[in-house]
Amino acid sequence: MSLFDWFANRRKSGPISQERQERDIADGLWSKCVACGVLAYTKDLRANQMVCPECGHHVRVDSNERIRQLIDANTWQPLDESLSPTDPLQFRDRKAYSDRLRETQEKTGLIDAVQTGFGQIDKLPVALGVMDFRFMGGSMGSVVGEKITRLIERATQKRYPVIIVCASGGARMQEGMLSLMQMAKISAALECHREAQLLYIPVLTNPTTGGVTASFAMLGDIILAEPRATIGFAGRRVIEQTLREKLPEEFQTAEDLLQHGFVDAIVPRTQLKKTLAQLISLHQPVTPTHHQLLQLEAIALTSSIADSGK
Amino acid sequence: MATTERKPLLLDFEKPLIELESRIEQIRELAAENGVDVSEDIRQLEARAMQLRQEIFSSLSPSQKLQLARHPRRPSTLDYIQAISDEWMEMHGDRRGTDDPALVGGVAKLAGRAVVMLGHQKGRDTKDNIARNFGMASPGGYRKAIRLMEHANRFGMPILTFIDTPGALPTAEAEYKGAGEAIAYNLREMFRFEVPIICTVIGEGGSGGALGIGVGERLLMFEHSVYTVATPEACAAILWKDAAKASQAAVALKITAPDLKNLGILDQLLPEPSGGAHSDPLGAATILKQALIENLETLLQMNGQERRKMRYQKFRNLGVFTEPS
Ligand SMILES: [Zn+2]
Ligand SMILES: [Zn+2]
């Protein structure tokens with residue numbers, strides 16, 4: 001078919017009907033951008049890492065897709081995959097927590113809201129944690145806390161940089177105070193990693209709020225954020241209700257935080273892997289001193305005690 | 001938030017007790033006026049009152065404990081500090097442009113030893129409460145706290161923190177100044193200090209705002225205090241979509257001292273005088289002082305690295321999950 005015929009055919013068939021459009025979206029062939037309304041071929045959208053080619057809107061990606069985007073092919077070694085949540089408080093709101101867990105596990109194929117592992121980014125070894133918003137809003141309970149803590153502890157031993165892609169509404173209320181305590185537990189592991197002079201980069205994606213913001217999201221040596229991500233501690237609605245303040249549109253966006261000095265850079269997703277590789281290669285670990293080696297041994301000892309205690 | 005209405009000083013469940021006590025007083029007055037001997041009746045009624053007090057306070061529901069923990073007459077951080085220390089000087093400011101009256105602290109002497117004490121400070125009346133944001137600390141408050149703790153660590157002074165807050169201050173300004181960052185920073189840095197750290201929940205422990213000064217190798221808690229991941233009101237609004245379900249949420253969240261002891265979070269429960277800390281503040285202060293001194297004696301036998309390891313291990317062990325091997 002010549003180009004001319006192709007145009008002729010196209011003109012003949014006219015604009016895609018509304019009905020046809022909806023069918024294609026339902027089939028997943030086309031995706032409509034929630035920000036600009038433009039239709040994009042889903043394959044193109046994927047190829048562009050789920051960033052709208054028209055307006056740059058970042059569509060939320062799950063943890064599998066994120067790992068695929070960041071980690072060199074065939075280098076991902078997942079850690080602690082069998083660590084599973086329980087229902088320590090026998091919690092029940094309108095639904096039992098144990099039912100909620102089982103349903104979410106079936107729906108998402110995940111065991112809890114974070115995947116952790118070692119892998120390479122442009123051949124540089126890293127310890128990577130990726131939160132998954134699909135699993136109860138990426139909320140942090142015992143499993144999320146334990147997996148991230150173990151990841152950081154092992155990274156300290158191996159002298160790897162840590163990268164955590166945050167996507168979370170905060171602490172998981174269904175595990176009560178155990179969830180709150182994970183904030184301190186992870187911060188403790190980060191303190192040791194930091195003391196060993198190793199690099200930690202949290203990547204704040206939409207949304208990063210509550211207890212995650214008040215712990216590991218804000219403890220990076222360098223903090224990166226995705227464009228337009230919501231990042232904050234107190235919820236926008238809570239603030240508006242408490243003090244009857246009307247908040248501006250850009251309140252608690254990545255751009256707003258950049259302006260107030262709480263993130264180092266806003267990095268479009270398509271540039272993220274490259275940026276991380278660049279930062280990691282700029283921050284090669286310092287050779288440990290004798291004193292630090294002794295401390296590393298101590299950490300290894302405590303974490304092995306903790307492991308065997310479970 | 002209702003900032004102007006005066007909170008009732010009498011809680012619902014205290015009423016039968018207070019009524020009985022005032023009846024005893026009436027009888028006593030009447031008897032004195034008429035010259036009748038009612039000492040036997042009074043004795044019986046007083047025994048009944050004591051029994052009633054014990055019944056009420058030994059079977060409080062989580063939401064009743066929450067009310068007690070928020071009681072406007074419950075002793076505050078400054079009340080305790082003034083009652084237990086031989087010397088005390090309050091220090092001000094975070095050296096970053098703020099002095100937050102919702103989080104107070106300073107240097108003190110406890111049983112002959114120099115220490116740093118700090119904590120959330122609720123107001124003692126409505127006006128004071130407004131000035132102190134109801135004990136909800138701003139980022140400047142957390143930065144003042146860490147500055148004082150850093151000071152304590154340099155001078156080898158144990159750190160005693162007192163937790164009493166519904167949560168960190170939820171305002172736009174607090175967000176712009178880094179509410180999350182300020183708390184996160186404290187969580188990490190508190191693991192670095194070599195001096196002993198003892199944290200005590202004296203009233204209400206609310207969320208990250210409480211934890212921001214809550215990292216120690218020992219966590220103590222008064223009997224009728226609560227410590228929660230989110231206020232039961234907020235939890236009910238989010239999970240039940242109905243703020244009126246707060247008392248149900250208070251039960252489900254496991255926020256009382258015995259609950260937290262079971263979960264391994266709490267190290268020591270401090271009994272309150274019968275009728276609650278507010279009915280006998282000095283009695284409560286004596287219990288607190290004794291417990292702090294005893295815990296300090298134990299912790300001071302260890303060296304700095306051992307205390308850090310103990311603190312690390314305490315939090316490292318928290319969390320419940322399964323792991324098929
Ligand atoms: Zn778009
Ligand atoms: Zn360390």
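Leaving aside neighbours within four places in sequence, which residues is Cys52(A) in contact with? In this predicted model, the partners are Cys33(A), Cys36(A), Leu45(A) and His57(A).

Let me stay with Cys52(A) for a moment. It sits in the loop between α3 (42-47) and α4 (63-70) of chain A, and at 5% relative accessibility it counts as buried.

Now Cys33(A). This residue belongs to another loop, between β1 (30-32) and β2 (39-41) of chain A. Its relative accessible area is 11%, and under 20% counts as buried, so Cys33(A) is buried. Residues up to four places away in sequence not counted, Cys33(A) touches Val38(A), Cys52(A), Cys55(A) and His57(A).

An unreviewed UniProt entry puts the feature "binding site" at Cys33(A), Cys36(A), Cys52(A) and Cys55(A). These residues span 23 positions in sequence, but no two of their C-alpha atoms are more than 8.7 Å apart, so they gather at one spot.

Next, the interface. On chain A, 64 residues are in contact with 53 residues of chain B. The two chains bury about 5300 Å² between them, with 68% of that on carbon and sulfur atoms. Met173(A), Met177(A) and Phe233(A) supply 13% of the area chain A buries against chain B, more than any other three residues.

Five salt bridges are found across the interface of chain A and chain B. One of them joins the side chains of Arg308(B) and Glu195(A), at 3.2 Å from N to O. On the side of chain A that touches chain B, α7(A) gives the largest share, 17 residues. That side divides into 30 nonpolar, 18 polar and 16 charged residues.

Definitions and conventions. Residues are numbered from 1 along each chain as its sequence is written. Chains are lettered from A and ligands numbered from 1 in the order in which they are written. This is a predicted model: local features need pLDDT of at least 70, side-chain atom pairs count only at pLDDT 80 or more; totals for chains, interfaces and linings use all residues. Side-chain values use heavy atoms; hydrogens and water are left out. UniProt positions are given in the numbering used here, feature names are shortened, and annotations may be inferred rather than shown by experiment. Helices (H or I, at least four residues) and strands (E, at least two) are DSSP runs, numbered from the N terminus. Buried means under 20% relative accessible area, exposed over 50%, partly exposed in between (1.4 Å probe, protein chains only). Contact means heavy atoms within 4.5 Å. Buried area is the accessible area (1.4 Å probe) that two parts lose on being put together, summed over both. A salt bridge is a side-chain nitrogen of Lys or Arg within 4 Å of a carboxyl oxygen of Asp or Glu. Ala, Val, Leu, Ile, Met, Phe, Trp, Tyr, Cys and Pro count as nonpolar, Asp, Glu, Lys and Arg as charged, and the others, Gly among them, as polar.
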